[in-house]
Amino acid sequence: MHKKRVGLIGARGHTGAQLIPMLARHTGVELASVSSRELAGEAVSDHIPDAPAGLRFEALAPEDVAALDLDAVVLALPNGVASRFVEAIDSAGTQPIMIDLSADRRFDADWIYGLPERNRDAITTARRIANPGCYATGMQLALLPFVDRLASAPSVFGVSGYSGAGTTPSPKNDPEVLRDNILPYALTGHIHEREVSHQLAHPVVFMPHVAPFFRGITLTIACELTRPLSPAEAFDLARSHYENEALITVSEEIPLVRDAALTHRVNIGGFATTSEGRLTLVATLDNLLKGAATQAMQNLNLAMGFSELEGVLQ
Ligand SMILES: NC(=O)C1=CN([C@@H]2O[C@H](COP(=O)(O)OP(=O)(O)OC[C@H]3O[C@@H](n4cnc5c(N)ncnc54)[C@H](OP(=O)(O)O)[C@@H]3O)[C@@H](O)[C@H]2O)C=CC1
Ligand SMILES: CC(=O)N[C@@H](CCC(=O)OP(=O)(O)O)C(=O)O
């Protein structure tokens, strides 16, 4: 059977490094092109052990990508970079499925927001999919079982591993800045605060921090509900909401970020309540997997008609 040809643009980065092994082991897909200006000409397998033999990084300009015969393009580029590739592909009229991992298209009505546990059906017929942000993925999945009961803007304290900041050097991924430290940043107006408020049609307050571990996110979420719940009632609501979701685990215990790292899951738990109606809960995930690459694979599979976790679970 003809394998679907997929291009990965921005393949040298943290998310690209997670996507390459999943695309390589996908039985219905051929990883046809991977781009990097910095590593152009080098064998991908010299950097990613599970990469297809013979595949080399290429420095691909937007018009080069547009000229490739691809069924799908995954854009794992920094915010603000993907548009020139989308425009070149549109001008060429080749119409591959496109998945943008950046924040650029998450408010664009012409792109389907790729959170499968919320809008799986829309993704299956989409040709342009905006992959959610990492913190935003955890916040939404934690809050969705309670969104109709919210009496206030949930307040979210988030901590991410420094891989969240990408490979471009910055204080957020500087070992010296992070040593024995936790760095608060973007304490109002973070893109994920706006993204989640938009997607849930309900305001949220988000306070991100970055920590000296490499990967993983933990979110502690506090909100007021219209009617008090017991911890057991809150647990039951979340558990039943996700009972058919392979990548979502719900527990009474508080999930720990180190147990989420290197897994494809979002773990939701630690439900604590007050008689006045407050609910506090915790969500953990791997920012590079369900926060990015795993979710992109789910979306790619749904849009191409494959089993949703093909290539993801080994
Ligand atoms: N890190 C994370 O936890 C998450 C990241 N995201 C988003 O996913 C995207 C990728 O993130 P991440 O992998 O961490 O980023 P990185 O900084 O690690 O990688 C960026 C990639 O883009 C390439 N690149 C950079 N600038 C250009 C350019 N002007 N033209 C062509 N290629 C370029 C780089 O390769 P080269 O320079 O060699 O060409 C590299 O492959 C970003 O939009 C990020 O916001 C989303 C969720 C989670
Ligand atoms: C630690 C750190 O810097 N994390 C990043 C999250 C990256 C992400 O999810 O990407 P988008 O920008 O595509 O949403 C941040 O807060 O911007």
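Visitor: What do the buried residues of helix 1 pack against?
Guide: This is a predicted model, and in it they pack against strand 1 (4-9), strand 2 (29-35), strand 4 (72-75) and helix 10 (289-304).

Visitor: And how many residues of helix 1 are buried?
Guide: Eight of the 11 in helix 1, residues 14-24, so to speak "mostly covered". Among them are Thr15, Gly16, Leu19 and Met22.

Visitor: How many bridges link strand 1 and strand 2?
Guide: Six, in the parallel sense. Within that pairing, Leu8 stands opposite Val34 in strand 2.

Visitor: Switching topic: is strand 14 mostly covered or mostly open?
Guide: Mostly covered: six of the eight residues in strand 14 (278-285) are buried.

Visitor: Which way does strand 11 run against strand 14, parallel or antiparallel?
Guide: Antiparallel, and eight bridges join strand 11 (217-224) to strand 14. Leu219 stands opposite Ala283 there.

Visitor: What about strand 13 and strand 14, how many bridges do they have?
Guide: Six, again antiparallel, with strand 13 covering residues 266-273. Ala272 stands opposite Thr280 in strand 14.

Visitor: And what do strand 13 and strand 14 form?
Guide: A hairpin, with four residues between the two strands. In the turn, Gly277 has a positive phi of about 115 degrees.

Technical notes: Residues are numbered from 1 along each chain as its sequence is written. Chains are lettered from A and ligands numbered from 1 in the order in which they are written. This is a predicted model: local features need pLDDT of at least 70, side-chain atom pairs count only at pLDDT 80 or more; totals for chains, interfaces and linings use all residues. Side-chain values use heavy atoms; hydrogens and water are left out. Buried means under 20% relative accessible area, exposed over 50%, partly exposed in between (1.4 Å probe, protein chains only). Contact means heavy atoms within 4.5 Å. Two strands pair if DSSP finds at least two bridges between them.
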